[in-house]
Amino acid sequence: MKFTCFKLIILTLSLSIVSCSDDDDIPNTPAGSSTFEIIAESPSHETLEQALIDTGLDQVLNNGFYTIFAPTDDAFSNVDLSVLSDEDLKNILLYHVLVGETFAQSPGVTDQPEFSTGYYKAAATETITENDNALDMYVNVDDGVVLNGSSTVTTPDLNANNGVVHVVDEVITLPTVTTFAVADPTFDNLQAALTRDDQPPFADILSTPNGTDPAPFTVFAPTNSA
């Protein structure tokens, strides 16, 4: 009887050790927290928290499953939010949102999708056609997770009960037609051609905001192999 009890104790301890080891790979977040609650409980995301509240997105993000890229207060220090309309601010914030869960590294508990290098549809929309077409975002995972060539995930995979939050070090600005030519190495030769000293400032011209002459543009972008 004593020997049987001893074996049960050893088995229990072994299961506890294995369980703790598996949990080490998953970031510690408050049990049952939503994506917005994770942001609100972070002392480094007060600007983002207030912006989400001001635009009503704090309630929106509690309905459905989302992947949130969360810029820190330091990241927002380079952005003047006061010059943005409510709609513009809302669209910029939605550009930090993907519908569904995508992890930098799958937690292993279930078969969750992980980021791969390529284009993803953000929750933000373009304003040219007024047809609510989703804006694209280029994700590169060659060295960490980098968004549009400028914003890097610094703390990945904060698990929520309705999605996942990734902390990023830069606000991801809405893309122009030159954004992907710069961020996507598939277009390195095109970028070099657009920025040659003996050519007009094509990169600046193609970055002209919509509604400002000569925008908008349609660009056919040859790849490096082309």
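Analyst: Let's start with a term we need: a helix is a DSSP run of type H or I with at least four residues, while a strand is an E run of at least two, numbered from the N terminus. In this predicted model, the protein has nine helices and seven strands.

User: Thanks! What makes Asp 136 and Lys 121 a salt bridge?

Analyst: The rule asks for a side-chain nitrogen of Lys or Arg within 4 Å of a carboxyl oxygen of Asp or Glu. For Asp 136 and Lys 121 the closest N and O atoms are 3.2 Å apart, so the pair meets the rule. The pair links distant parts of the chain: Asp 136 sits in strand E4 (residues 134–140) and Lys 121 in strand E3 (residues 118–125), 15 residues apart.

User: Are these two residues buried or exposed, and how do you know?

Analyst: Exposed means over 50% relative accessible area, buried means under 20%, and partly exposed is in between. Lys 121 has 51%, so it counts as exposed. Asp 136 has 25%, so it counts as partly exposed.

User: How do you know that the buried residues of helix H3 line one face?

Analyst: Helix H3 covers residues 46–54, and its buried residues are Leu 48, Ala 51 and Leu 52. Seen down the axis of H3, they fall within an arc of 100°, so they line one face of the helix. In an α-helix there are 3.6 residues a turn, so residues three or four places apart point the same way. The face turned away from the buried side of H3 carries the exposed residues Glu 46 and Asp 54.

User: What do the buried residues of H3 pack against?

Analyst: They pack against several elements, including helix H2 (35–40), strand E1 (66–71) and helix H6 (86–94). Leu 93 touches Leu 48, Ala 51 and Leu 52, among others. Leu 52 and Leu 93 are also among the residues with the most contacts inside the largest nonpolar core, which has 41 residues. Apart from that core lies another, of five residues, among them Phe 187 and Leu 206.

User: How many aromatic pairs are there, and why does the pair Phe 115 and Tyr 120 get its label?

Analyst: A search of the whole structure finds four aromatic pairs. The rings of Phe 115 and Tyr 120 have their centres 5.5 Å apart and their planes at 75°, so the pair is edge-to-face; the cut-off for that label is over 60 degrees. Phe 115 is buried because its relative accessible area is 8%, and Tyr 120 is buried at 18%.

User: And why does the pair Tyr 119 and Tyr 138 get its label?

Analyst: Here the centres are 5.0 Å apart and the planes lie at 55°, so the pair of Tyr 119 and Tyr 138 is tilted. Planes under 30 degrees apart would be stacked and those over 60 edge-to-face. Tyr 119 lies in strand E3 and Tyr 138 in strand E4, so the pair ties together parts that are 19 residues apart in sequence. Tyr 138 is buried, with 4%, whereas Tyr 119 is partly exposed, with 38%.

Methods. Residues are numbered from 1 along each chain as its sequence is written. This is a predicted model: local features need pLDDT of at least 70, side-chain atom pairs count only at pLDDT 80 or more; totals for chains, interfaces and linings use all residues. Side-chain values use heavy atoms; hydrogens and water are left out. Buried means under 20% relative accessible area, exposed over 50%, partly exposed in between (1.4 Å probe, protein chains only). The arc is that of the directions from the helix axis to the C-beta atoms. Contact means heavy atoms within 4.5 Å. A nonpolar core is a set of buried Ala, Val, Leu, Ile, Met, Phe, Trp, Tyr and Cys residues joined through side-chain atoms within 4.5 Å. Rings of Phe, Tyr and Trp (its six-membered ring) pair if their centres lie within 6.5 Å; planes under 30 degrees apart count as stacked, over 60 as edge-to-face and the rest as tilted.
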